[in-house]
Amino acid sequence: MENGGEYPLLSSRDNDHNNPVHSSNTIFSSSPFLGSSQVQTFFREFYAESKKLWFLASPAIFTSICQYSLGAITQVFAGQLGTSELAAVSVENSIIAGFAYGIMWGMGSALETLCGIAFGAGQLEMLGIYMQRSWLILNTTALMLVFVYIFATHILKIIGQTDQISEDAGKFALWMIPQLFAYAMNYPLAKFLQAQGKFMAMAVIAGLVLVLHAFFSWVLMMKLGWGLAGAAVVLNSSWWFIVVAQLVYVLCGACGGAWNGFSWLAFHNLWGFLKLSVASAVMLAVNILGWTTMVGFGFNAAISVRVSNELGAAHPTAAKFSAMVVAVTSFLIGLFLALILIIGGKEYPSFFSNDAAVKELVYELTPLLGLAIVVYSVQLALAGVAIGAGWQAYIAYVNLGCYYLFGIPLSLLMGFKFNMGIKGIWWGVISGTVLEACVVLWIINRTNWNNEASVTGDKLKQWGGETDDREI
């Protein structure tokens, strides 16, 4: 299969029973002892899989960091304007936009399953149709989420924010409605490009936008004195620049047979696509912990491509091995980032605020933040495995049970009943995420991957419509 030279052929093994990973299955046998040849085979395959993973993950991580940094840079400049401006931007960014971001990102992840499997199976013509279906669903969702932005002031007051912060953040939320629709357009585009391994193009666009965003934020917010109005103009413009640049890249023919123009087939089987999208949103509605967690999002994108491509190409053992490699790698990277954060715990709060009380609180929370980085890095990577395998609906129940029925109640109990404050809230949320990661890891280990590979065609028909439909 042609892959446009973007990355090494993901499913390069002709038959799963002949590939080296499969032949090394004795490593996972009941014997407690490993021979030297088995150990050598295991590490050789681990290294080979790691190279593929990092080839995809590196530009994906860079893209995630750049896109996250758009809001973070706006917060940095807002912090230089004053405490009230920082509070307004931070609250809108983390609660209102964060809520919309989680839903859009989650629903957009349904595309990772379908596009990844279709690409692995060689059904390139369906990728563009899936993206158009996702656009329809996400833009409709954005229309409903507009009410969250309109009534942001009231919502923030209800959840306990002060009147002044609620008023300022609510006004800023109204200005940020264009960003909501940029989310709706961007995530289907991102998943469409990721499934084809077009990570480098996305990284270049994200890097360019980040530089422009920082420059114009400084000009409008600091030099021209536009304040929060300038922040809204630049942030909205930056997100829409990403959308337009990616659209131009697609429409100019860079994706070959994956994009054949707009089609009425996009309106077919929307209900099945919607069910998968909603399940994805529930599964992935977790907190975003800053730039460091963007590494987890990078691995999430990379492993979803690896697993879905391998399953689509009928290589179940390679898919399982990829899942094991990403779990180990994400844990080690998360641990490394957490140690860096803890070591520099006295310095980094100054980047976000000049207020001594704010900096002291951030410093006190640093150990918990370090633990959260490790946990979320692993959890996001495992979520990518679930996305690649198309388990959204099933894992959604795991997320509801572990995170919402266990983690959130525990955080409220520890935070308010036992007067542990924000630390108690974080401990509860982290506990729920740890439980979810453990359950997903158990599911991955217990899964019959041969069966998963055999039903990928059925999944494409169930969620994406018949693949042999002709253009209308």
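**Close-up 1. Ile158 sits in helix H6 of this predicted model.** Helices here are DSSP runs of type H or I with at least four residues, numbered from the N terminus, while strands are E runs of at least two. Ile158 has a relative accessibility of 70%, so this residue counts as exposed. For reference, buried means under 20% relative accessible area, exposed means over 50%, and partly exposed is in between (1.4 Å probe, protein chains only). Residues are numbered from 1 along each chain as its sequence is written, and side-chain values use heavy atoms, with hydrogens and water left out. Because the model is predicted, local features need pLDDT of at least 70 and side-chain atom pairs count only at pLDDT 80 or more, whereas totals for chains, interfaces and linings use all residues.

**Close-up 2. A nonpolar patch lies on the surface.** Its members are Phe147, Ile150, Phe151, Ile155, Ile158, Ile159, Leu174 and Trp175, and together they have about 790 Å² of accessible area. Helix H5 (125–150), helix H6 (152–158) and helix H7 (163–175) each supply at least two residues of the patch. Patch residues have over 30% relative accessible area and no salt bridge; nonpolar side chains (Val, Leu, Ile, Met, Phe, Trp, Tyr) are joined within 5 Å, and like charges within 9 Å. A salt bridge would be a side-chain nitrogen of Lys or Arg within 4 Å of a carboxyl oxygen of Asp or Glu. Areas come from the Shrake-Rupley method with a 1.4 Å probe; for residues, only the protein chains shown count as cover.

Close-up 3. Rings of Phe, Tyr and Trp (its six-membered ring) pair if their centres lie within 6.5 Å; planes under 30 degrees apart count as stacked, over 60 as edge-to-face and the rest as tilted. Phe42 lies in helix H2 (residues 36–81) and Phe321 in helix H13 (residues 316–343), so the pair ties together parts 279 residues apart in sequence. Both Phe42 and Phe321 are buried.

**Close-up 4. Tyr183 and Trp239 form another edge-to-face pair.** Here the rings are 5.0 Å apart, centre to centre, with 90° between the planes. Tyr183 belongs to helix H8 (residues 177–195) and Trp239 to helix H10 (residues 227–254), so this pair links parts 56 residues apart in sequence. Tyr183 is buried at 3% relative accessibility, and Trp239 is buried with a relative accessible area of 3%.
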